[in-house]
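Here is a guided walk through one structure, with a few side chains picked out along the way. Have the model open beside the text and follow along.

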Amino acid sequence: MLFSTYYSNDTSITADSVAVRKAKANFTLSATTPPWKESSKTSQSDSSRISAIKKLSSIIDTKVAKDSSLPDDVRTSFVAYKALDSLRLLSEAASAKTITDSQRQALNKTFLKGLSDLQNFLGQAPSDKLDLAFAQTARRADSVAIPAVNVTGDVSGKGLVATRSTPIPGLTGTERFTLAIQSYNGDGSVTVDLAGTPQPPTLDSVADAINGAIAAVPLRNPDGSVVLDANGNPTPKWLVRFVPDKMTDSWGFKIKSPRLEDVSITQDNAGDALMIAADGQDASGAPRVGLMRLDDPGGDNVMNSLNSITALDTAATARAKMLASAAKPVKGTTPSEPVIHAAISVQASATDASGMTYVLGTSAGDMGSNRVTGEKDLFLSKFDSQGNIVWQKMLGAAGGSEGAALSLTHDGDIVIAGTVQGQFDGQNSDGDMMVARYSATGENEWTTLVRATGADSAKAIVAADDGTVYVGGQAASGAGDAFLARIDSGGVVRERRLIDGGAGDSIQALAIDADGNLLSLARTGGTNSVMRLAAGSLATEIGRLDIGDGDARFLAVGDNGEIAVGGATRTAMSGTQANSLSGDRDGFVTMIDSGLGTATTRYLGTGSDDQIDSLSFMNGTLYAGGRTRGVMGAARTGTQDGFVAAIDPSSATVSSIRQFGLAGKETGAVRLSAMTGGNNSLDALGLHSGSQLSGASARLTANTSLRAGDEFAIKVEGGATKKIVIQADDTLATLAARMMSATGKKIAVTTAKTDAGSVLRIEAKTGFAVELMAGAQGKDALDKLGLSPRRLSIANLSGPKDPKVMPGGAYGLGLSESLALDSADSAKAALGQIKSAISMTQTAYRSLYWDDGKAATVNNLALGKSGTVSAYQSAQLERYQDALSRINNILAV
């Protein structure tokens, strides 16, 4: 033993070792009584306590939190314990099998709010020697990963062939391509005809043809003369080159562009295609939006599945993983990692002249680097002609938003319409229509709320050639009035119009006619009408044609000015009947002449439920996208299939129908868009139509759900709290620099590369703990960055002469934002986590005070790693024993 005991009047006296005395001297806090040892002053039942918890504005005991008579570390541990004890009560109640689902959901709502309150408190709780973390203690935190932006100019296509000399599959040798090149030396284009190259085409023969055409264009002086190099040879205007490149296991093309020259490629003799975005499920039943390309529509109708748009329920996935880890594994099996997808749907799509497709929808989950902050959020995604994602972003509405419609502008921008609720860009919306304009790189150019009292609903949008944007939908006024607004090119609302037809009125779709006037598909007084309104005055009606009382949804205009309306109906629409109704709900297409004089309706029905969701004219043919529960063009595959019908606008006859689906699954709304020249051979080259550079912005607001004006705060130990506000043009680099400047470089903020992309990395430095704090409600940037309110710190390293046991330390409660009480199993799992956190909180509190356990620890450490006492320690112990023996002898007299 390292100590001896003596008695005086039956009282034991323990003599401490030098190491113990040295360590004990650091424990100076006055004694306190922790809440778990306080005698209960109330006999409240658990149900009464739960009712009281539900009424609290915050689960944090502000009285204790503000009690300056308690040391900081004691206050923090007491507040944390009380909050955890309340969460324990809620978890126990939700774990009971006797409560109803509605009761459990009410408990869950209170629990989630309390969990968030605790996390925010611990992120900025007073601290001296104790670091109590919500999850685990850490020295650094990483944001969501932002996809890398191409800054080198080099682009790698996909692998094509096993050997360099192998003929390229999918090329006939008759393809003719046009390459448009953008460069600071001047823009231009070259044409490459593979018919004049060695056959069959190989990587080298195609590269030689392309490079030869590019190199043949000389750089010219301002006077038009050719620029010559030192040897008297013409200097090429462009340096971009195509080279065969060996990938991991195959060969393909790499585009090398030392001057960041952008190459856009089109095939001049290509056929047409349709891009299709359709709601549905994957084979497991998880919700998704399928992205497909229909090559040669109306002919061979070759369907290509390109990609899926999905959303992740991050919290549910984390809970599923937690439950899976607690389950007993089946012998001989390796369980798959659980992934829970969130609801997602598509509302509109459009394809531009370069083959890029934009998809607008609504998501209830996270999408890549975008974090959903409300119940659901509008998303906008851009895809190339092969279905590869170029960029995607969410609107970032705090209360929630829904997508409704989109339209392309004449200069390649995208305008979208939706409905938002809650805090948005400094305004509190009760359900207003929202219109936003984005560049082709995903940068928000302007956003406008069309303010009105009550919950309005946007349904349609169209952009005119002069930049004017028209939005339509249903207003909350009256019993639901049809609503139109005219917005100028800068985003300012210039005109509004309400149409009151009695009840349930709405603007369903919008288009621009051949003369630049506005066409509006309106439902008023129970009747659908196509109205022509003057471009500069919504009040000026030029013409109107009533078409019946079916469910009219979509409006399209052909190159010759012909108009098509599509939807679903159980009753005959107006005008000439090209065929008869099938008996149940039929899809319909009504063709209208450009003067709004006559109409002809074609029904697409099977005797089951059939609908038309979208229409698109392309090269003289009208294509209708819809869904059916019957047999439209082939045997039905799923419970509800999608279909695409090719229709002759002049006769309203159907030339072909392509039906598609997934066995046992339901295909939802089918949104199609014309892709002129989309049935090309660029995929055979491992490339895509249009610009070969990424076409994505590096801005945070273009890659995440962040909006300009969102905020968070940061505080370095001993310093003031600094608010960080997101700017519209912020990148990871500019945000990192501003954070470093705000904190006096007492922390490290950098951009780091990961497999998923670049992240913002925040690291504490020795001696400077840093607190990350959420922004104000409705504009918190921390959550959208994928960061949590927390403290980052580095434990001080003790020297060889420092005490081995010190008060406080770093303790992680092991909690997660994914904890919830939405099911009995989840509640049980949460209860286990909360109980563990309570125990850790008590341990953290005890670390502040000296006790016999710490003395034993110190003495054990003094024994050395081998557990034996050194010669020097033995000599010391002998002297201590001798001295204590003498004292005992004296006291015994």
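Glutamate 261 counts as buried because its relative accessibility is 2%; buried means under 20% relative accessible area, exposed over 50% and partly exposed in between, with a 1.4 Å probe and protein chains only. This is a predicted model, in which local features need pLDDT of at least 70 and side-chain atom pairs count only at pLDDT 80 or more, while totals for chains, interfaces and linings use all residues. Residues are numbered from 1 along each chain as its sequence is written, and side-chain values use heavy atoms, with hydrogens and water left out.

Where does glutamate 261 lie? Its place is the loop between β9 (251–256) and β10 (262–267). Helices (H or I, at least four residues) and strands (E, at least two) are DSSP runs, numbered from the N terminus. The side chain of glutamate 261 makes a polar contact of 3.0 Å with that of serine 183. A polar contact is a pair of N or O atoms within 3.5 Å; within protein, one must be able to donate a hydrogen and the other to accept it, and residues adjacent in sequence count only if both atoms are side-chain atoms. Neighbours within four places in sequence aside, the contacts of glutamate 261 (heavy atoms within 4.5 Å) include Lys237, Trp238, Leu239 and Val240.

**Salt bridges**

The structure has 42 salt bridges, each a side-chain nitrogen of Lys or Arg within 4 Å of a carboxyl oxygen of Asp or Glu. Three of them are set out here.

| Pair | N to O distance |
|---|---|
| Arginine 544 and glutamate 541 | 3.0 Å |
| Arginine 553 and aspartate 613 | 3.1 Å |
| Aspartate 613 and arginine 627 | 2.9 Å |

Arginine 553 and aspartate 613 are both buried. By contrast, arginine 544 is partly exposed at 37% relative accessibility, and glutamate 541 is partly exposed at 33%. Elsewhere, Arg49, Asp85, Arg88 and Glu92 are joined in a salt-bridge network.

How many aromatic pairs does the structure hold? There are six. Rings of Phe, Tyr and Trp (its six-membered ring) pair if their centres lie within 6.5 Å; planes under 30 degrees apart count as stacked, over 60 as edge-to-face and the rest as tilted. Phenylalanine 27 and tryptophan 850 are edge-to-face because their ring planes stand at 65°, with centres 5.3 Å apart. Phenylalanine 27 is buried, with a relative accessible area of 13%. Tryptophan 36 and tyrosine 845 are also edge-to-face, with 5.3 Å between centres and 90° between planes. This pair links distant parts of the chain, 809 residues apart: tryptophan 36 is in the loop between α1 and α2, and tyrosine 845 is in helix α11. Tyrosine 845 is buried at 6% relative accessibility, and one aromatic cluster is formed by Trp36, Phe78, Tyr81, Tyr845 and Tyr849.
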